[in-house]
Amino acid sequence: MLHLLRLLGRFKKELTEAVRIATTRDFFLALEVENIIDSALLSTRASLERKESRWGFWHSRGDHPARDDENWLKHIDLINNIDTETPDIRHRAVRRMAGIGA
């Protein structure tokens, strides 16, 4: 995943330094690509933060192969910090709805 973070960082740098925008359509396409890169960066950071495997194939970690509800039954919130260009990471308790997942 660290390789992916490096690649995404490179893509973001290339988007700002190498992509030339000539039309309004180009501008909106560049914004869309930037949003996709940002979403991938945040998703990767959240996956690295969670020290367990969860959700089957979608989040399986070789270094943490088991599910760990005792320590990781919580939400991970990431807020993109534009000043540091890294996400602020917060953990939040899971709130169960009455009658669901009891």
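Is N81 buried or exposed? I looked this up and found N81 buried, at 17% relative accessibility. Buried means under 20% relative accessible area, exposed over 50%, and partly exposed in between, with a 1.4 Å probe and protein chains only.

**Ground rules.** I am working on a predicted model, where local features need pLDDT of at least 70, side-chain atom pairs count only at pLDDT 80 or more, and totals for chains, interfaces and linings use all residues. Residues are numbered from 1 along each chain as its sequence is written, and side-chain values use heavy atoms, leaving out hydrogens and water.

**N81.** I placed N81 in strand β1, residues 74–81. Strands (E, at least two residues) and helices (H or I, at least four) are DSSP runs, numbered from the N terminus. The N81 side chain makes a polar contact with the side chain of D88, at 3.3 Å. A polar contact is a pair of N or O atoms within 3.5 Å; within protein, one must be able to donate a hydrogen and the other to accept it, and residues adjacent in sequence count only if both atoms are side-chain atoms. Leaving out residues up to four places away in sequence, I find N81 touching T86, P87 and D88. Contact here means heavy atoms within 4.5 Å.

**Salt bridges.** I searched the whole structure and got eight salt bridges. Each is a side-chain nitrogen of Lys or Arg within 4 Å of a carboxyl oxygen of Asp or Glu.

One of them pairs R10 with E14, with the closest N and O atoms 3.2 Å apart. Both residues lie in helix α1 (residues 2–17), four residues apart, about one turn of the helix. R10 is partly exposed at 44%. E14 is partly exposed too, at 38%.

K12 pairs with D38, and here the closest N and O atoms are 2.2 Å apart. K12 lies in helix α1 and D38 in helix α2 (residues 24–49), so this pair ties together parts 26 residues apart in sequence. K12 is partly exposed, at 26% relative accessible area. D38 counts as buried, at 15%.

I also checked R54 and E52, whose side chains meet in a salt bridge at 2.4 Å, N to O. Both of these residues are buried. Salt bridges with shared partners join R50, E52, R54, R67 and D69 into one network.

**F28.** Where does F28 sit? I found F28 in helix α2. F28 is exposed, with a relative accessible area of 53%.
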